Structure formats: C-alpha cells, structure tokens
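Subject: Structure handover

Hello,

Please find the structure below, with notes on what was found in it.

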Amino acid sequence: MAAPQTPQQQTRENHVTTGATVWLTGLPSAGKTTIAYELAGRLRAEGRRVEVLDGDEIREFLSAGLGFSREDRHTNVQRIGFVAELLARNGVLALVPVIAPFADSREAVRKRHQANGTAYVEVHVATPVEVCSVRDVKGLYAKQAAGEISGLTGVDDPYEAPDSPDLRIESQDQTVQESAAALKALLTERGLA
C-alpha cells in the first residue's frame with residue numbers, strides 16, 4: 001500500500017504542466033493584449049508558467065527591420081509562432097496577442113504546432129473596427145485618418161478574420177475580466193489551465 005501523499009506531492013500532481021499556444025488575433029485596439037495580460041495574471045496567481053508574447057515587443061526585439069508588407073507580416077507571424085511553439089513544447093502557456101492579419105500565416109503556425117504535437121488555441125477578439133477606432137490605444141486610427149500612415153490593418157490593409165476560431169470574444173460586449181474568464185474556462189475545459 002502506498003504512503004499518503006504530502007501536500008507538496010498533491011500540488012505537483014494536480015499542477016498543469018502541459019504547454020500550449022493561445023493566439024489572440026484581431027484588429028488593432030481590439031483588446032488582445034489587455035485580455036492576454038489579465039489572463040496571464042490569473043494563471044500566474046495559480047502557479048502556472050505563462051509568457052505573453054506581445055506583438056510590439058516582438059517587432060522591436062525579434063523582428064526588427066521587418067516592415068508591414070504581406071511577406072514581412074508573414075515572416076513576423078512565423079517567427080512568433082516558432083517561439084510560442086518552443087515555449088509551449090516546454091510546458092509554458094504562451095499567450096500571443098498578435099494581429100496576424102492573414103489566414104494562411106495563422107494556419108502555417110497551427111500546422112507547425114500540430115506537427116510537433118503541441119496544443120494550439122485560436123481566439124478571435126472580434127471587436128468591430130468602429131469600436132477599435134474609438135479606443136485607438138496607440139493613436140493609429142487617428143494617424144491613418146489624418147493621412148500620416150497607411151496600411152492600417154482592417155482599414156486600408158486587409159484583415160482576414162478566422163472562420164472558425166476556438167473562441168470568439170466580442171470585447172465591446174463584456175469586461176476585460178469577463179473576456180479573460182471565458183478564455184480561462186476554455187483552457188480549463190481542454191486541460192490546458
């Protein structure tokens with residue numbers, strides 16, 4: 001007969017160690033990063049290993065020099081997907097709030113994860129462009145309207161919304177906390193949180 005487990009052994013046994021990539025796609029100012037950081041905080045408080053691969057930080061450090069052409073955007077998404085899969089394969093939950101405007105780029109990342117047996121969850125933060133342009137967190141919509149920039153995803157550059165994401169969040173209809181809770185519920189249901 002086995003000896004009773006200590007509380008530490010029980011905690012380790014019940015601790016989720018499966019990694020996964022959770023890709024939050026959506027328009028600029030949709031709420032992707034805000035939701036990712038809210039969820040990361042909740043999961044860390046439970047002892048979960050989590051990394052947020054913020055699109056702006058990745059562009060600065062990993063994809064410096066890339067522009068916003070379709071080819072450069074694809075390269076950026078593939079680089080982020082590689083890092084996310086590497087983290088996920090090693091037991092980290094990688095939250096990726098990155099626009100990734102093209103369906104074929106996102107599908108290539110999904111296939112890489114499938115080929116390596118790594119969990120991948122696609123979340124569409126489906127905030128309408130009208131709401132995003134009012135939020136305008138980085139002032140991009142105002143700059144585009146003033147003619148200072150072009151190529152803004154969802155305005156004068158394409159955004160291909162996912163046809164069948166694992167979860168669709170309409171952030172204009174719920175709080176950040178509710179959005180993070182919905183995503184956490186999905187991850188828990190799949191044994192990933």
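This is a predicted model: local features need pLDDT of at least 70, side-chain atom pairs count only at pLDDT 80 or more; totals for chains, interfaces and linings use all residues.

Residues are numbered from 1 along each chain as its sequence is written, and side-chain values use heavy atoms, with hydrogens and water left out.

The sheet

Five strands form an open sheet in the order β2-β3-β1-β4-β5, with parallel pairing. Helices (H or I, at least four residues) and strands (E, at least two) are DSSP runs numbered from the N terminus, and two strands pair if DSSP finds at least two bridges between them. At the edges are β2 (50–52) and β5 (167–169), each of which pairs on one side only. From one strand to the next the twist averages 20°; axes are lines fitted to C-alpha atoms, for helices over the stretch in contact, and angles run from 0 to 180 degrees between N-to-C directions.

β1 is joined to β3 by five bridges, and the two run parallel. With β4, β1 pairs in the parallel sense over six bridges. Ala-20 stands opposite Leu-93 in β3, and the bridge partner of Ala-20 in β4 is Ala-119.

Six of the six residues of β1 are buried, so β1 is largely enclosed by the rest of the structure. Buried means under 20% relative accessible area, exposed over 50%, and partly exposed in between (1.4 Å probe, protein chains only). In a regular strand the side chains alternate between the two faces of the sheet. In β1, Ala-20, Val-22 and Leu-24 point one way, and Thr-21, Trp-23 and Thr-25 the other. β3 is mostly covered too, with five of its five residues buried: Leu-93, Leu-95 and Pro-97 point one way, Ala-94 and Val-96 the other.

Helix α2 lies across β1 (20–25), β2, β3, β4 (119–125) and β5, and runs at about 165° to β2. Helix α4 lies across β1, β2 and β3, at about 145° to β1.

Ala-40 lies in α2 and counts as buried, at 0% relative accessibility. Leaving aside neighbours within four places in sequence, Ala-40 is in contact (heavy atoms within 4.5 Å) with Val-50, Val-52 and Leu-95. Ala-40 and Lys-184 are 144 residues apart in sequence and 9.7 Å apart in space, C-alpha to C-alpha.

The largest pocket

A pocket here is an open set of points on a 1 Å grid over the protein atoms alone, where a 1.4 Å probe fits, with protein on both sides within 12 Å along at least five of seven lines; lining residues have an atom within 4 Å of a point. The largest pocket is lined by 29 residues, of which Pro-28, Asp-56, Ile-99, Lys-138 and Leu-140 lie nearest its centre. The elements giving two or more residues to this lining are α2 (32–45), α3 (55–61), α4 (70–89) and α7 (140–145).

Regards
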